[in-house]
Amino acid sequence: MRHFTNVNDIGDLRIALAEALEVKKDRFAFTELGKNKTLLMIFFNSSLRTRLSTQKAAMNLGMNVIVLDVNQGAWKLETERGVIMDGDKPEHLLEAIPVMGCYCDVIGVRSFARFESKTDDYEEKILNQFIKYSGRPVFSMEAATRHPLQSFADLITIEEYRKNDRPKIVMTWAPHPKALPQAVPNSFAEWINAAGYDFVIANPEGYDLDPKFTGNAVVTHNQDEALIGADFVYAKNWSAYTDPNYGKVLSTDRSWTVTSEKMALTNNAFFMHCLPVRRNMIVSDDVIEAPTSLVIPEAANREISAQVVLKRILESL
Ligand code: CP
């Protein structure tokens with residue numbers, strides 16, 4: 001694997017999941033693979049899980065790790081070509097990227113949607129510049145439109161907990177006070193579609209996602225109907241995708257919060273969320289604290305998804 005930005009880069013999902021479960025059994029079996037290799041993790045946005053789990057995965061493989069928070073201590077970066085740089089940004093990304101590539105063997109990038117231009121966001125302008133100009137394998141640690149390490153970890157978690165071959169998975173929008181990107185729901189949809197599970201997406205009107213990601217999933221605006229018979233409930237907020245409301249919050253309707261009353265409609269479903277989560281906006285305390293909540297196992301599997309991806313990249317160097 002050279003780069004990892006979406007589900008297609010992982011190849012056969014069954015093989016990837018089997019590999020993940022093998023890595024989980026013995027995460028120190030490949031400590032020689034990353035010897036004298038350096039991972040550079042670049043964060044344009046905050047992180048807890050991605051930062052820690054990816055660093056741990058790299059250390060499991062024997063790698064050295066450098067972490068750069070672009071907005072804390074580095075020069076402020078201009079990202080647009082053609083700009084007269086007489087403002088507060090002394091360095092251009094087009095020099096910074098190849099320079100960063102000089103100091104490492106693999107680069108992980110976190111760069112969220114900025115909601116300034118839907119075209120720029122959906123063309124993954126920042127991530128693709130790293131792929132084009134760094135000269136290194138690049139993997140996404142959540143980009144503008146996808147969060148593949150999260151989705152891979154979610155799929156590993158479903159693999160570990162599912163009770164039948166084709167579980168019903170319901171991804172439901174839930175309220176949040178601020179505008180969040182569509183990366184996690186886009187990506188989750190892409191991976192669940194690739195896995196071939198029974199997949200329903202529930203969101204209020206105005207919140208339909210890009211059909212490129214939702215594919216053949218059933219999309220409904222009736223959350224209660226969607227939840228009936230669900231084996232897994234994946235809650236997430238996202239801002240509007242469709243024009244002219246791209247990136248806007250259209251609703252904070254708390255009747256969409258995932259509560260025990262909502263979960264009672266399901267087939268004793270497991271609750272999932274990528275975290276961080278706003279309690280009693282997205283999900284009630286009792287649902288996230290229930291034995292059927294998988295939020296901690298999902299987070300734990302972030303180490304495993306990152307390790308499989310790094311292992312495959314290292315094997316291709
Ligand atoms: N789920 C996730 O990516 O968490 P962080 O934003 O804390 O990395």
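Predicted model: local features only at pLDDT ≥ 70, side-chain atom pairs only at ≥ 80, totals over all residues.
**A buried asparagine and an enclosed strand**

Asn 60 belongs to helix α2, which covers residues 49-60.

What does the side chain of Asn 60 meet in a polar contact? The partner is the side chain of Gln 307, and the contact is 2.8 Å. If we set aside the neighbours within four places in sequence, Gln 307 is also on the list of residues in contact with Asn 60, together with Glu 303 and, from another part of the numbering, Arg 27, Phe 28, Phe 30 and Thr 31.

I would now like to turn to strand β5, residues 106-110, where five of the five residues are buried, so that the strand is largely enclosed by the rest of the structure. In a regular strand, side chains alternate between the two faces of the sheet. In β5, Val 106, Gly 108 and Arg 110 point one way, while Ile 107 and Val 109 point the other way, and all of them are buried.

Which strands pair with β5? One of them is β1, residues 38-43, which pairs with β5 in the parallel sense over five bridges, and within that pairing Leu 39 has Val 106 of β5 as its bridge partner. Another is β6, residues 138-140, which runs parallel to β5 and is joined to it by three bridges; here Val 109 is partnered by Ser 140 of β6.

Conventions
Residues numbered from 1 in each chain as written. Heavy atoms only, no water. Helix = DSSP H or I, 4+ residues; strand = E, 2+ residues; numbered from the N terminus. Polar contact = N/O pair within 3.5 Å; in protein donor to acceptor, adjacent residues only side chain to side chain. Contact = heavy atoms within 4.5 Å. Buried < 20%, exposed > 50% of the residue type's maximum accessible area, 1.4 Å probe, protein only. Pairing = 2+ DSSP bridges.
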